[in-house]
Amino acid sequence: MTSAVYTDTHRLFLQAVISRRFMKEDTAKQLYSRACQATKGMSPTEIRSHFDKHQTAKIVPFDEDDFTEFVNAVNASLNSVELEIRRTRDEATGDDVLALTNTNEQKIAQVATGYTPLELEYFKHLLDAIVMADDELYCISSTAAVNEASKLKNKDNKSLQLTKSGAEELLSRFIQDKWLIKSKTGALSLSTRTLLELQTFLKEGYEEQMQECTLCLEILTKGQRCNVAACAARLHHHCAKTYYENMNNPLCPTCRSPWDGKVLIGLGPNAEAPQSIRRR
Amino acid sequence: MDEDDYGSKGSSQRSNGKRGAPSSSQGSGSQKRVMRDDDESDQDDHAPTPIRQTTEGFKTLNVLPTDFERFVKDVVRLAIFSSHSESATVKRDDIKAILGNHTKVYDAVFVSAQERLRNVFGMEMAELTTKGRSGKNEEKGTKSYILRSVLPLDLLGNEAVDWDDQLEDQGLLMVILSLIMVREGVIFESHLKQHFRRMKLMEEEGEIEKKMEMFMKKRYLEKSKMEHMDDTGDKLEMEIRWGARARAEIPEENVVRFIQEIFGDDAPPKLRDIIIKASNIQTTTTAQGNQAGDANGNGTPAAPAGSSHNAIRL
């Protein structure tokens with residue numbers, strides 16, 4: 001395997017990734033091809049006429065392997081600062097997404113920049129409530145979340161200053177910054193970003209509660225489970241779809257019993273989240 | 001370059017004194033007692049063994065290579081993730097906070113971090129300055145930095161990838177910066193608005209103000225009360241200038257070329273000279289390597305050179 005050369009194309013791509021931080025893989029591929037273009041030494045006029053003519057950035061054809069190798073080269077360089085570009089699939093949509101993440105995130109503060117300690121404290125509470133939810137629901141209602149705010153206590157066991165409206169505002173920030181997702185019914189759950197960037201934190205802090213997809217072995221908070229209560233098989237929706245695509249008689253990958261995919265992990269599409277919060 | 005020597009990656013251990021060769025024969029006890037380094041700072045919870053002999057570059061720094069590497073990494077990550085905050089600045093105090101008690105290695109860490117930033121990202125930290133108002137071009141350092149690209153690309157190639165969803169804003173900013181530049185660095189707010197009206201830009205109610213406020217918040221523009229009255233004599237005018245971030249991020253060379261591009265084929269001969277004369281800016285030949293952060297981290301933030309032209313300083 002030839003060692004990849006690290007060039008300005010890589011750096012330019014990386015700069016674009018930094019400003020977005022979290023994106024669909026398709027977007028990343030576009031950035032890759034545009035970075036290639038930009039560094040090919042085209043003059044401004046040439047680039048402009050290309051854009052005008054084709055109305056698209058996908059001018060330089062590339063293949064999958066090139067892109068993967070390219071990202072690997074970038075990651076090799078990022079290794080020297082303990083960052084990496086990670087890839088995963090969105091639990092809800094199945095889209096491939098990329099994110100720039102720390103490789104050793106021990107504390108949420110390092111990852112979720114731009115929040116005060118108090119805000120992070122609230123976030124941690126919400127994480128806790130979501131992960132600890134009954135019946136593998138991995139969600140809480142927004143109302144419960146807001147009420148939770150008044151129960152925040154600092155180390156001296158005094159109440160912290162987060163009003164209901166403050167909590168509501170904070171919640172929308174979390175949603176806007178893509179740490180939490182809010183469903184149509186007002187249920188809050190963990191976003192793909194949180195699962196990707198806070199993986200270590202979640203896996204280490206909530207060993208019992210966090211589960212893995214039986215097929216792809218990645219964290220799972222939305223998906224399907226085996227009908228047999230004692231069986232531990234769990235699948236992402238997109239993993240199940242691929243796995244059972246051509247199977248006439250879907251069976252559980254672990255215990256071989258019939259699999260109908262109706263027993264859900266996470267909240268069903270129109271269901272409402274539980275109103276109470278269980279604490280650890 | 002120094003990475004071969006640094007064994008462990010992983011969690012920082014700078015808060016306990018137990019790292020490093022445990023050759024202290026007296027057992028632990030008070031760590032300070034056995035300090036052979038004449039270190040002023042008694043707060044350092046070093047391992048008792050003298051560290052001077054560890055590695056060439058660290059002879060006088062009293063810091064373990066692994067710790068030094070840890071600092072460099074954390075500073076780089078601080079810089080990268082700071083670009084997401086509103087102000088997008090890295091404060092010198094934040095860097096010092098990373099170093100904990102080892103503030104003596106600030107300069108060395110800073111230089112290494114800059115190098116790491118350039119190697120991996122093609123970026124560097126540039127100090128934001130406040131410009132002296134008395135007509136002289138003195139720039140005073142503030143204690144904060146922004147991250148900027150130092151890739152040797154021309155305008156369109158570079159920013160097109162970066163500003164993607166904000167091309168409109170970037171274009172607008174370039175227009176404003178050009179208008180300011182060719183007026184030797186200052187324009188009245190009312191005149192600026194007149195220009196917009198003539199160009200039929202942002203005709204919606206309040207749109208101009210919103211955009212201007214955004215640019216000011218991001219430090220691309222600065223507003224200040226003017227020093228002279230305007231023509232009519234009674235209305236108080238605001239002056240708009242390039243902000244600290246524009247000074248650090250956008251070389252004047254780019255603005256000159258932006259203007260040239262707008263003229264396109266209709267450009268009068270010697271347009272470039274006309275622009276430079278109107279702007280009253282100096283052309284200096286500065287090699288790209290010199291400016292970026294000298295050892296004090298106080299390097300004058302001359303903008304990086306465009307590809308083949310001389311760097312122009314405001």
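**Aromatic pairs**

I began with the aromatic rings of this predicted model. The count came to twelve aromatic pairs over all chains. I looked up two of them.

The rings of A:Tyr243 and A:Tyr244 have centres 4.9 Å apart and planes at 70°. I then checked how open each residue is. A:Tyr243 has a relative accessible area of 27%, and I noted A:Tyr243 as partly exposed. A:Tyr244 is at 11% relative accessibility and counts as buried.

For the second pair I went to chain B. The ring centres of B:Tyr106 and B:Phe110 lie 5.9 Å apart, with the planes at 20°. Planes under 30 degrees apart count as stacked, so this pair is stacked. Both residues sit in helix α3 of chain B, which covers residues 106-121. B:Tyr106 and B:Phe110 are four residues apart there, about one turn of the helix. I noted B:Tyr106 as buried at 7% relative accessibility, and B:Phe110 as buried at 1%.

I also wrote down one aromatic cluster in chain A. A:Tyr115, A:Tyr122, A:Phe123, A:Phe174 and A:Trp179 form this cluster.

**Helices α1 and α2 of chain A**

Next I looked at how helices pack. Helix α1 of chain A runs over residues 8-20, and helix α2 of chain A over residues 25-38. Their axes are 9 Å apart, at an angle of about 140°. An angle over 145 would count as roughly antiparallel, so I put α1(A) and α2(A) down as oblique to each other. The crossing of α1(A) past α2(A) is right-handed.

Which residues make this contact? On the side of α1(A) I listed A:Thr9, A:Leu12, A:Phe13, A:Ala16 and A:Arg20. On the side of α2(A) I listed A:Ala28, A:Leu31, A:Tyr32, A:Ala35, A:Cys36 and A:Ala38. Sorted by class, the contact of α1(A) with α2(A) has nine nonpolar residues, one polar and one charged.

**Helices α7 and α8 of chain A**

I repeated the search for helix α7 (residues 142-149) and helix α8 (residues 164-176) of chain A. Their axes come within 8 Å and cross at roughly 125°.

From α7(A), the residues in contact are A:Ser142, A:Ala145, A:Val146, A:Asn147 and A:Ala149. They meet A:Lys164, A:Ala167, A:Glu168 and A:Leu171 in α8(A). By class, I have five nonpolar, two polar and two charged residues in the contact of α7(A) with α8(A).

**Two single residues**

Is A:Ser77 buried or exposed? I found 14% relative accessibility, so A:Ser77 counts as buried. A:Ser77 belongs to helix α4 of chain A, residues 64-78. Setting aside neighbours within four places in sequence, I found A:Ser77 in contact with A:Tyr6 and B:Val120.

Last, I looked up A:Gly114. A:Gly114 lies in the loop between α5 (108-111) and α6 (117-131) of chain A. With 51% relative accessibility, A:Gly114 counts as exposed. Leaving out neighbours within four places in sequence, A:Gly114 touches A:Glu119 and A:Arg173.

Note on methods:
Residues are numbered from 1 along each chain as its sequence is written. Chains are lettered from A and ligands numbered from 1 in the order in which they are written. This is a predicted model: local features need pLDDT of at least 70, side-chain atom pairs count only at pLDDT 80 or more; totals for chains, interfaces and linings use all residues. Side-chain values use heavy atoms; hydrogens and water are left out. Axes are lines fitted to C-alpha atoms, for helices over the stretch in contact, and angles run from 0 to 180 degrees between N-to-C directions. Helices (H or I, at least four residues) and strands (E, at least two) are DSSP runs, numbered from the N terminus. Contact means heavy atoms within 4.5 Å. Ala, Val, Leu, Ile, Met, Phe, Trp, Tyr, Cys and Pro count as nonpolar, Asp, Glu, Lys and Arg as charged, and the others, Gly among them, as polar. Angles under 35 degrees count as roughly parallel, over 145 as roughly antiparallel, 65 to 115 as roughly perpendicular and the rest as oblique. A crossing is left-handed if the near helix is turned anticlockwise from the far one by less than a right angle, and right-handed if clockwise. Rings of Phe, Tyr and Trp (its six-membered ring) pair if their centres lie within 6.5 Å; planes under 30 degrees apart count as stacked, over 60 as edge-to-face and the rest as tilted. Buried means under 20% relative accessible area, exposed over 50%, partly exposed in between (1.4 Å probe, protein chains only).
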